[in-house]
Amino acid sequence: MTIHHDTRPTLNLIRLANGEGLDLPAYESKGAAGMDLRAAVDEAAPLTLLPGKRTLVPTGFIFEIPEGFEGQVRPRSGLAFKNGITCLNSPGTVDSDYRGEVKVLLINLGEEPFVISRGMRIAQMVIAPVTQAQVAEITAASETVRGAGGFGSTGA
Ligand SMILES: O=c1ccn([C@H]2C[C@H](O)[C@@H](COP(=O)(O)OP(=O)(O)OP(=O)(O)O)O2)c(=O)[nH]1
Ligand SMILES: [Mg+2]
């Protein structure tokens with residue numbers, strides 16, 4: 001496997017029929033870590049997400065994530081704070097060999113119905129380098145000071 005250290009890898013996108021006319025996913029500021037993803041829902045049929053419910057929102061694009069990277073689908077803080085809208089599987093993982101449409105799994109943790117209209121920026125995707133470890137089964141773990149202590153063992 002090739003390990004990339006490119007900080008500006010090219011992300012190839014394929015626009016699907018439901019993505020016609022949508023703005024490309026984009027970094028909304030110079031230093032933004034994530035590119036905002038837009039809802040490719042039907043213009044004439046906005047999606048209403050009721051409190052406590054979840055839904056898979058299409059983005060209208062296939063992303064060819066460069067090998068050695070992943071896409072992390074994360075919530076937008078504003079939607080989370082104002083409306084209780086977040087990604088249920090956060091951070092969603094888009095594998096570099098995935099060739100289906102990227103979708104966003106939203107859940108409404110707020111108290112009001114939330115309307116998702118076409119083109120709305122619903123989440124953001126961070127392209128991050130991936131390390132694939134080699135798995136090796138052993139019979140005894142090396143000794144450390146911490147040992148098996150966890151879950152608060154070092155105190156508050
Ligand atoms: O928020 C997300 C998360 C995942 N995916 C797509 C891309 C990813 O490569 C694929 C599989 O995701 P994941 O590995 O998290 O799900 P799984 O339940 O393990 O499915 P699979 O058995 O297909 O790997 O689903 C999305 O479009 N959006
Ligand atoms: Mg998987």
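The protein has one helix and eleven strands, where helices (H or I, at least four residues) and strands (E, at least two) are DSSP runs numbered from the N terminus. This is a predicted model, so local features need pLDDT of at least 70 and side-chain atom pairs count only at pLDDT 80 or more, while totals for chains, interfaces and linings use all residues. Residues are numbered from 1 along each chain as its sequence is written, chains are lettered from A and ligands numbered from 1 in the order in which they are written, and side-chain values use heavy atoms, with hydrogens and water left out.

**Overall build**

- Along the sequence, the pattern runs β-β-β-β-β-β-α-β-β-β-β-β.
- The protein is more spread out than a compact globule, because its radius of gyration is 19 Å, well over the 15 Å that the globule rule gives for 156 residues. That radius is taken over C-alpha atoms, and the rule is 2.2 Å times the number of residues to the power 0.38.
- The C-alpha trace spans about 60 × 40 × 30 Å along its principal axes.
- Of the 156 residues, 32% count as buried (buried means under 20% relative accessible area, exposed over 50%, partly exposed in between; 1.4 Å probe, protein chains only).
- UniProt places "domain: dUTPase-like" at residues 23-155, in an unreviewed entry. Over residues 23-155 the chain is 5% helix and 39% strand, with the end C-alpha atoms 49 Å apart.

**Around ligand 1**

- The shell consists of Val73, Asn89, Gly92, Thr93, Val94, Asp95, Tyr98, Glu101, Val102 and Lys103; a residue gets in if one of its heavy atoms lies within 4 Å of the ligand.
- Strand E8 (92-94) and strand E9 (101-108) each supply at least two residues of that shell.
- By class, the shell has four nonpolar, three polar and three charged residues. Here Ala, Val, Leu, Ile, Met, Phe, Trp, Tyr, Cys and Pro count as nonpolar, Asp, Glu, Lys and Arg as charged, and the others, Gly among them, as polar.
- The side chain of Asp95 puts an N or O atom 2.6 Å from an oxygen atom of ligand 1.
- A polar side-chain atom of Asn89 sits 3.1 Å from an oxygen atom of ligand 1.
- For Lys103 it's the backbone: one of its N or O atoms is 2.7 Å from a nitrogen atom of ligand 1.
- The protein covers 49% of the 560 Å² of accessible area that ligand 1 has on its own (Shrake-Rupley method, 1.4 Å probe).

**UniProt's binding site**

- The unreviewed entry lists Arg76, Ser77, Gly78, Asn89, Thr93, Val94 and Asp95 under "binding site". UniProt annotations may be inferred rather than shown by experiment.
- These residues are spread over 20 residues of sequence and also in space, up to 26.3 Å between C-alpha atoms.
- Ser77 is in helix H1 (residues 77-83) and counts as exposed because its relative accessibility is 58%.
- Asn89 is in the loop between strand E7 (85-87) and E8, and it is partly exposed, with a relative accessible area of 38%.

**Other spots to look at**

- Gln72 is in strand E6 (residues 69-74) and counts as buried, at 15% relative accessibility.
- The side chains of Gln72 and Glu70 are joined by a polar contact of 2.7 Å (a pair of N or O atoms within 3.5 Å; within protein, one must be able to donate a hydrogen and the other to accept it, and residues adjacent in sequence count only if both atoms are side-chain atoms).
- Pro113 lies in the loop between E9 and strand E10 (114-116) and is partly exposed at 45% relative accessible area.
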